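This briefing concerns the nonpolar cores and the salt bridges of one protein model. Please consult the sequence and the structure shown below while reading.

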Amino acid sequence: MTKHTYIPRTTNYTLNPGDELNDLRMSDQVRPLYDHVKKFIRDTVEPMSIEFAKAGEGKEDRWSFTPKQLEILEVAKNKAKKEGLWNFFLPDDETGQGLKNLDYAYIASELGKSPLASETMNCSAPDTGNMEVLERVGTKEQKEKWLKPLLNGEIRSAYVMTEPNVASSDAKNISTTAKLVGDEWVINGEKYYISGVGDPRCKILIVMVKTNPDAAPSKQQSQILVPRDTPGVEVLGPMYVFGQDHAPRGHMHMRFNNVRVPKENMLLGEGRGFEISQLRLGPGRIHHCMRTIGKAEKALDLMVQRGLTREAFGKKIAHLGGNMQIIAQARCEIEAMRLMVLKAAKAMDVLGNKEARVWVSMVKAMVPERACKIIDQAIQMHGATGISHWTPLAEMYQDVRHLRFADGPDEVHWMVVGRHELSMA
């Protein structure tokens, strides 16, 4: 028999009581802000959300907001701004709250429990990622024209990357072209599932394009600012998510037909698209995971409430079959997800976005998958009501399930984690 000798690998996951990565406490100075956010959601956002939904009933144009809806939303936004509950996601003190990713993780999990909470406090995707890009790499002119109104919550934006005819999970495949003709970039190509373009308040697009097919693979792509109303920007129609168009924001199928923008609209520089993506997708992916945990918490709350208020076969539903274990496991999964996301957020604070990539990939692959399962179990416990419009569960499931594609498919993130493990051998 062959004797095998086990040689321990050296990894960066080893627990160390003195390791800064394992201190996942919220900062003492942020706790009052966290409590304020929870109170604001309870007292302002949730009542406003009901009023907002009623104000949109019966509107003729699905791809619009009624004047009353916009008025209700602006009142809540102005109140949030007045109370200092604005732009949490930006780390810079001048433009945001100066929060660490770890501190924002706690707050974002609360934002995820209410559909309009993020927008009310100007922390909605894709604007968060787009604002962070503009703040970090935008020119003075670009910031004045586009970042300033985004920070003020006056306009919305979109990030335009995914294409229908290539495997967009590998950004090197992006085929939409931008060619410099004189002093203008001329853009041609087709995109789809571009979230937020249907919103009439969407005014600026950040578009991923190929500018130099002869360069090294990581230097072929660039990102360019394209105003939404530029001639040649064509919206072909909405893409559907599980049969829903998510109007009025939507996920649009688009075509760029000889779209011309000034050469000054290039972000950071030609061939630096991948570099920008790393700036944008690190925090942005974490934000999605934080909010998703809030959705899982909401689903568990609804599951417990349903289980204790309905009876069948002489018992509360919560006590039937394996439902007690399902509830218990959901709580365990939520706490496990929370700790993983906090660890990823802390890794970004301590190591930087690039070095924390493996932690980001861990939670991006794990959290939506597990949250989907919890929401699905909550739906099952509600019976037919769970798939109806009488609960938010069906919409929550759609939203969380689509996240397994939105920031890159699960398989890409698992590949990053697996590749890292193998590199430790």
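Asp170 and Lys172 form a salt bridge, with their closest N and O atoms 3.1 Å apart. The term salt bridge denotes a side-chain nitrogen of Lys or Arg within 4 Å of a carboxyl oxygen of Asp or Glu. The model is predicted, so local features need pLDDT of at least 70 and side-chain atom pairs count only at pLDDT 80 or more, while totals for chains, interfaces and linings use all residues. Residues are numbered from 1 along each chain as its sequence is written, and side-chain values use heavy atoms, with hydrogens and water left out.

**Accessibility of the first pair**
- Asp170 counts as partly exposed because its relative accessibility is 29%; the classes are buried for under 20% relative accessible area, exposed for over 50%, and partly exposed in between (1.4 Å probe, protein chains only).
- Lys172 is likewise partly exposed, at a relative accessible area of 37%.

**Salt bridges as a whole**
- The structure contains 31 salt bridges.
- One network, built from salt bridges that share partners, joins Glu119, Asp127, Arg156, Asp199, Arg201 and Arg249.

**The pair Asp245 and Arg62**
- A salt bridge joins Asp245 to Arg62, and the closest N and O atoms lie 2.4 Å apart.
- This pair links distant parts of the chain, 183 residues apart: Asp245 is in the loop between strand S6 (233-239) and strand S7 (251-262), and Arg62 is in the loop between helix H1 (31-55) and helix H2 (67-82).
- Helices (H or I, at least four residues) and strands (E, at least two) are DSSP runs, numbered from the N terminus.
- Asp245 counts as buried because its relative accessibility is 9%, whereas Arg62, at 46%, counts as partly exposed.

**The pair Lys191 and Glu163**
- Lys191 forms a salt bridge with Glu163, in which the closest N and O atoms are 3.0 Å apart.
- Lys191 belongs to strand S3 (residues 184-195) and Glu163 to the loop between strand S1 (156-160) and strand S2 (177-181), so the pair ties together parts 28 residues apart in sequence.
- Lys191 is buried, with a relative accessible area of 0%, and Glu163 is buried, with 2%.

**Nonpolar cores**
- A nonpolar core is a set of buried Ala, Val, Leu, Ile, Met, Phe, Trp, Tyr and Cys residues joined through side-chain atoms within 4.5 Å.
- The largest nonpolar core has 94 residues, of which Phe88, Tyr104, Ile107, Leu111 and Met121 touch the most other members.
- Helix H9 (residues 357-382) gives the most to this core, contributing 14 residues.
- A second, separate core of 20 residues includes Val160, Val207, Val209 and Phe256.
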